[in-house]
Amino acid sequence: MTSLDHLVLVSALTLALMLLFGRMRIAGRLAVVLYAVQFLLLMQTGALLGEPVASSLTLSVLDLQMHWRYDALSWFFAMITIGAGFFCAWYAAGVWQERYREEGHSPRLFHVALAANVLTMLILLGSGDLLSLFIGWELVSWASFLLMAVGGGPAGRAALRYLVYAFSGGMAILAGLMLIYTQTGSLDYARVLSLLGELSDGQVWLLLLLIGGGFAVKMGLLPFHLWQAAAYAETPGPGSSFLGAISARMGLYALIMLLVAMLGIGRLTAMEVPFTFLSARDLIAWIAALTVIIPTYIALQQHDARYLLAWHGIGQGGYMLLGLMVGNAVGSAGGLFHVFTYGITQAALLMAVFAVVHRTGTADLNKLGGLVARMPLTFLVLLFGIISLAGLPPMAGFVSKWMVYRSLVAEGMPLLFVAAVVGTLGTILSVYKLIHNIFLGQLRIEHEQVREAPLSMLLPMLGLSTLIFLVGVTPGPALSWVAAVQASLGLPPVPYTLGGIEDPRGGLDMLWLVGILMAGFGVGALIFFGLGGRSKRVHQLDNYAGGHFLTADVRYQYSDNFYAGLMHLIGPWYRGAFLWLEKALTATVAFLSAVMNGFYRYAQPALFVLATAVALLALTTA
Amino acid sequence: MMSLTLEGVVLIGALGLIVIGALGMAISNHLFRMLLALVLAESGANLLIVLSGYRVGASAPILGFGDPTAPMVDPVPQVLVLTAIVIGVGVQALAVALLLKVYRVYGTLNVRELRDRMDADVATAAGVEADASQDAPAGERPLPPVPAHASVGSGGFGRRGPVPFPPQSDERRP
Amino acid sequence: MIELILMPLAAFVIGLAMVLMMRRIGARLQRRVGPPLLQPLWDIIKLHGKETQTSHGLIHELGIVMAIGGFVAAVTLMPLPGMNGLAEQGGLIALVYMMMIPSLGLALGVGQCANPNGSIGISRALTAMLAYDIPMVIVVFGVAFFYGSTSLVQIIDAQQAGGFATWGIAEMPLLAFAGLFAMQAMLGKQPFEIYVAPAEIATGPMVEMGGKFLGGLFIMQCFQLYAAGALYTLLFLGGGENWLTFLIKVFAVVAIPMSIAFLFPRYRTEDVVRLVWKWPAMIGLLGIAFLMY
Amino acid sequence: MTELIKTPRTGETLPVKAGKRTNPLANVFDELVRFAQSRSLFMLHYCTGCGAIELPPSMTSRFDMERLGIQPMVSPRQADILLVTGYVSVKTLKRIILTYEQMGSPKYVIGICSCTVNGGMYWQSYATAKKLNDYMPVDIYIAGCMPRPEAVIAGLRELMENIRQGKADSWKDYYRHYDHYLGHQQRLFGETWQTPTDVIAEARHYGLFGPDTLGTHTALLEQHQRPLEALEMKVDIPELMARR
Amino acid sequence: MISDLAVPNLFVAQAGQLVLPVVLPLLAAFLMQPLARVSTALARGLGPLVLILCAWITAQLWIQLGDAPFTLAIGGFAPPLGILFYADGIALLFALAVPVFALLFWPGSESGGGAGADSRPGSDQADRDQAARRDALVLLLVAATTGLALSGDLFNLYVFYELAAVASFGLVALSGTGRAQVATFRYLMISAFGSVLALAGIAILYMQTGTLNLGQLAQLAPETLNNPIGSAAFALMLIGFGVKAELFPVNTWVPEVYAGAPARVSALLAGLVSKLAVLVIVRLLVLIFPQPEAAQMLLVLGVLGVLTGEFAAWRAKDFPRMLAFSSIGQLGIVFVAFSIGGEIGLLAGLAVALHHLIVKSALFGLAVRWNGSLEALAGAARTSPLGAALFVLFALSLVGVPPLPGFWAKLTVIVGLAERGTPLDITALMSILLVTAVEASYLFRVAIRLYQDNPDPVARHARRDLGVSALLGAVLVAATLGLRPVADVLGAGAAQLGDRAGYIETVFPSHVAGKD
């Protein structure tokens, strides 16, 4: 029994206990404790800095050996996974769970689904060969499907859509694995690694298309992004947080295994896209950049807070891949670090939004407003979250995005840089819409009696936002993990300090930056509160309306079509091309299906028999 | 040109019977004709079997009949063909019985009509909408139902409708 | 350490003079006399001296604090003659992002006011930001790429090494032009001031700002003008060898958009975006193309 | 109702801020602030009538108000001066009062044209408020039909001088004699009249409460008043700790 | 009669019992009708009793003699002249599966299926007669299919095949509704036409070789049948036997019949009978037609079956029909697997076939109550939580989700295809992967619908159907846990099945030949 075995066993135990006791009220707290234990066990494995930790379990099927091990990369992702599980279980443990039960859902199913997700992700992250990777992959896919589908109703439809995407992706991966298998005769990492170099460019392209495409589905990379928003948004609160924080990143993990660990950035750079001047790496980087831009601007159009954040989740995945594809020390560190910073950010954001849903019963941005007066702490969490999501100082998201930008500048990739900034600007626009329409502006009359989110939900939210801020101020410790991951992947490790990045050509020191920002705020406060006279808060209806008398029953809030001017310009650019593509595919399947049905409904089947017999006989004599 | 032996003629005849039967099954529009075509085809197959054991000039393989030392026709296929004929007749009888019952229920033995009626019947029994017949006229299609979200206000000033929760998915045009 | 106090102070004073200059230029172009010398200061004092101040809540107040504080922090990242402040620790990218903090603060504050005019103004302002930031980052990228550094100190050193010939504007004229264009929009001056639109949405973001709230915004405006001018000077005009040349450059830079501003009516939001994405962005990309190949 | 109409304005004229304070530093700042207030005036012109015609010339190149530090502003929150430039119909008056109450103090009202003084040519109109200063304290009237820009500027200069000397504080009058002004407003608009600004609370908050702030009319107001407390943002920890 | 079977053979005492699983049900089937006149209870008990007996005998044989294949010459006439039964591990396995599954899906009082809703009320006596007829037919089916598994003679195979066909016609038509009868007739026509072709194929074989004993055919095949005429014979027999095996394109009867027949009968036909027909084809393929053309035919038709079946299922609107189409697709995969050849191909084919046997039977077991439209299944999880959970389990295994046996079966097929790697194989591989996604889509559309909220869900399952499905589900889970032993058994079976020389050796022991 190695430490990895302990970890997986405790995770499996969590699942079993949730199955047994999930119905009881204590289940939530039990889950929290168990996730904490898992976290401690993970810390004890020492996979981050030391040698990879192997599991004592091995299997062999069809002469294919399967084994499991944890290296720094696995540790890093596992840390985020368990952490997300911990916070989400905490969020769910108290009042949320009771409400969930009252609404006629089964908290047991939810806890089981969450535990299953964590367990399967841990298994996936430990995969030591391609077969176990695939198995882990499928397990994760179905576990996420379970978590998505527990909501029922629209969640079921979204989950089904996810399932079709994920399963098609899984099948593509299987095809790709078979390609590898036929070429190398093995699915073991080490052996595959040594033989991959002998593959022709065409085969590698095929591999990228099949396996990369399959993994990209989970990550929501561009042509495969349509499923994600609805599936994540419709999942019950903490589940949505969990999925948003880490689930899609499993795709990134697998892509890292494929692109960085197995093929290597160098190989990708060497491969030319036919008839263009792009290399494979540029192509992937551009896919990543488009994944940043397009979903972000789709998010801008949403008027459901959950959907808005879920769409951003897709977009932020693009930054991670973009940073990795830049491939230098700072860039790849930025990509990896963004997994962490974005994970805590998205978890906090979705928790805050679901706290609002918990209290008001709606996530429709056109039906909220002014809640800052009623839910100030939730507002604070959301504020920290959006600053981090938009990548503004002093929050965690800034550091990782800064690293991505910095690497793009250093490598001289202007268009990608602009694309990344366009994405960030879109993010700023839409997160402002988010916080404005929920928390700022006029408090609606039906929300007069709304109270702050319950403590059991508030505490994990506050914990996460503290983390966001702390990581933003002192990214050093977290960057040390990233550096270890880079080392294990064979990438140049990032030169980090406690406050940021050391670079003679322009580094970053968040300690100074945050210090001066706080000092600036201090000066601002001094000027504002010290020099100005006393102020009096007034009622929200005491407001300039061109001399009009406002009443509570008339909304005095600007929320629908928030960026009307911008939409005037870019509105027609939303062509729904991918949706169209999806519909076309569905229609093709439907058409094929109708044709096949027609075949079986044909009135004179004897004709088929005859035709086939003739065809076969002709074949044999030919 | 190769000269035709008797065997050859019979062989061609047997194959021809099968082909005629098969074609008859494939193109006839009436179930009973189909059955008759099947009978033809079966005879062809039986003939083929008998032929497989036939030797030119050999005597019948019956003890005490003809010259016991002379070459005999292979008896096995003849035995087999007996079995095959019996089976064939049994199946045909069953088929005719079924046809009678079918005619009583549906009042037709026309293949297409029958197929459509049966489809409708199956669909009704399963409680689903039957697929449109291949031969049904294309006109008179019902208008598509009004989408549910069209009647629900999407929010904004002054538009108050029944508020669905959770709200409709609102990917307008991603 | 003393630098960190002096830099915002200098920025404020220079900013006050810039506001005056702006109003004077406007007045002169309209054949008026214009305000007296200390008018910007009187405005600020008067606004802070108001006896009743209408607040719409804590965020309304903190928004103003953030707006001022963000700029106070940002100006310490821009090296002045003889003062490097925190330029070593932040760099260009951090600076650009730091300068978004005041916008965010203001946006939060305005949102809390619960006035749709303000929200519309902010929505337009953010849209305009989306527009002008794209040429802006193209310019920033070009400069950082050209000098191989994101450290402003190193960029200035490189520019000052060979006199005018090594100034950014001489090395990268296209980027310099794009930067100037973007600056016009960044300052929100005509023809890009749709988000203020006094007659339509009652000065947009400022609609509920009175007293010290408005005063805070006036202070922010001083910083904003200074920051825009100084940033451009640092990127393209070789920074300041000494205070005299620095001031001349900074004022000259700010004077250009001011002079242009009062000659134009305004564009609609989508036209702002269309225009800024078309011309300065394209010119900037062309400039980068020249740099890279 | 008759009672209400008769309600006289009882309060004494306000004690003008006489004399200097003992703390010289305070004096310095007081003077400075008053000076700044006099040199920086943002006006909100409530263009109710023909008087507005004369404002553009006074602002543009011929007379150029900006050299005096006077600028137009669009929102009452930002403005110091409320310019009422013409006849005031009852319906308009409601808006003028609303706007006036939303301005930040110190605030000044200038009535331009004869109509604001006594109704002018609308004296016989049933729909016009005759005397603006019945409903809000007016600092300066500029009579004329319409007054020329010179007159406007002269009026503004006088106001500036008053401000500098600390004499222009009729805005305090509105707080201190709110009952009086409210009475007139109620007479015109009916007893359910209410503005969104809680003047009484403001008077309390800023220490501008006077003996005549409250009275019979405010009592009547309180009977109909919808509450106007600001939405307080607070975190109630004990309530949080309690389950649910 | 049994004593007649005694043959001078090493396995005298026990091997002789091999004939019992065929003979006993046959006897019982013919006894059923007169017995029912005498005693209803006795008649009712007879069928299950016989089946249990058969299962027990077969199990005994398998346990004691299953290691090596052995033969039984009927009537003591030695091959090649005599007719013989050949029993290896796989044959015994299927021979065991037949009575067991017939027992599990014994059409009892709960007459479900497409007919269940509107079966006409009749008199007691008529019901009893009906029951006796039905039981007799099932027993007939059992006898015939067991014969298919065991027979070592081509013509005997044909006879058993026809017998099974007639029994299944009867069972399908038994519900008495018009649509069932039309479906039966169409089934009958295709089946009979197929038989004609198979018969023609047999005739050609006989012309070429002069024997119908599989062992001897295997001996002679390399010289006499490795030519276009041999391939043509295979093609004809493939189509002929393919009718029951749901081979494309002779499977057009499948959806109608499964939608019209009682669900339990469908379970037997889809699960069991089709597998036996597959076994026959595999025997032919392995023993007589090792040429690549034969395998290619199988591959092409298999791929077409996969594509048509799964795509058609995507659009199915009622539960039995969806299962029927899915069954076509799955059998297509079985054919593809067997076409790979070699041990891995046989292993893959066996794995997929057995997996499908278990899963599809169980799903049809659930269809006894869920026989209506898919729409109507909304909320069924509320009334029948175990049924819904089982459906999800089977669906997961069917689409191939890792730890479940379905995944390993499919993986074996895919690995086999990839290893051979001709363009045709790669096409097949891609097709299988593609339709698996389609399959997941329609199966889980149903699964999600099961868990929807619906105030008026369908009736819950009868305890028996649920019990059978749960039992099969347990088998599935057990196979997951004991993957290694199962794989070993199947591997050994596949090795035996593919051992052509071994078959010849068993039928014609060389030491005997040597002595001669």
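Here are some exercises with worked solutions on a predicted model.

**Exercise 1. Find out which chains touch and which stay apart, starting with the pair that has the most contacts.**

Step 1: Begin with the chains that do touch. There are six such pairs, and chains A and C have the most contacts among them.

Step 2: Now look at chains B and C. They don't touch, and their nearest C-alpha atoms are 12 Å apart.

**Exercise 2. Describe the side of chain A that touches chain C.**

Step 1: Get the head count. On chain A, 61 residues are in contact with 76 residues of chain C.

Step 2: See which elements take part. Those that each supply at least two residues on the chain A side are α18 (396–411), α19 (414–439), β4 (508–509), α22 (510–531), β5 (535–537) and α23 (564–570). The most comes from α22(A), with 13 residues.

Step 3: Sort by class. This side of chain A has 38 nonpolar, 17 polar and six charged residues.

Step 4: Zoom in on β5(A). It pairs with strand β1 (residues 53–55) of chain C in the parallel sense, over three bridges. In one of them, A:Lys536 has C:Thr54 as its bridge partner.

**Exercise 3. Which residues touch the most other members of the largest nonpolar core?**

Step 1: Take in the whole core, which holds 710 residues; A:Leu322, A:Ala420 and E:Phe193 touch the most other members.

Step 2: Ask where the residues come from. Helix α6 (residues 116–147) of chain C gives the most, 21 residues. In chain A, domain 1 (277–574) and domain 2 (581–621) each put in at least three residues.

Step 3: Check how those two domains sit. Taken over C-alpha atoms, the centres of domain 1 and domain 2 of chain A are 53 Å apart.

Step 4: Look around A:Leu322. Leaving aside neighbours within four places in sequence, its contacts are A:Ala285, A:Ala288, A:Ala289, A:Val292, A:Gly335, A:Val404, A:Leu416 and A:Ala420.

**Exercise 4. Is A:Gly327 buried or exposed?**

Step 1: Find the spot. A:Gly327 is in the loop between α15 (305–326) and α16 (329–360) of chain A.

Step 2: Apply the cut-off. A residue is buried if 20 or more other C-beta atoms lie within 10 Å of its own. A:Gly327 has 22 within 10 Å, so it is buried.

Step 3: Meet the surroundings. Beyond neighbours within four places in sequence, A:Gly327 is in contact with A:Ile265 and A:Ser332. A:Ser407 is 80 residues away in sequence, yet its C-alpha is 8.5 Å from that of A:Gly327.

**Exercise 5. In what order do the strands of the five-stranded open sheet in chain D lie?**

Step 1: Chain D has 11 helices and seven strands, and 43% of its 244 residues are buried.

Step 2: Read off the sheet. The order is β2-β1-β3-β5-β7, with parallel pairing.

Step 3: Find the edges. β2 (70–72) and β7 (140–142) of chain D each have a single partner strand, so one side of each lacks a neighbour in the sheet. On average, neighbouring strands of this sheet are turned by 25 degrees against each other, direction ignored.

Step 4: Check one pairing. Strands β1 (residues 41–46) and β3 (residues 81–85) of chain D run parallel and are joined by four bridges. One example is D:Leu44, whose bridge partner in β3(D) is D:Leu82.

Step 5: Helix α6 (residues 149–165) of chain D lies across β2, β5 (108–112) and β7, at about 170 degrees to β7(D).

Conventions
Residues numbered from 1 in each chain as written. Chains lettered and ligands numbered in written order. Predicted model: local features only at pLDDT ≥ 70, side-chain atom pairs only at ≥ 80, totals over all residues. Core = buried A, V, L, I, M, F, W, Y, C linked by C-beta atoms within 7 Å. Buried ≥ 20, exposed ≤ 12 C-beta atoms within 10 Å, placed from the backbone. Domains from an automatic or database assignment. Contact = placed C-beta atoms within 7 Å. Pairing = 2+ DSSP bridges. Axes fitted to C-alpha atoms, helices over the stretch in contact; angles between N-to-C directions. Nonpolar A, V, L, I, M, F, W, Y, C, P; charged D, E, K, R; others polar.
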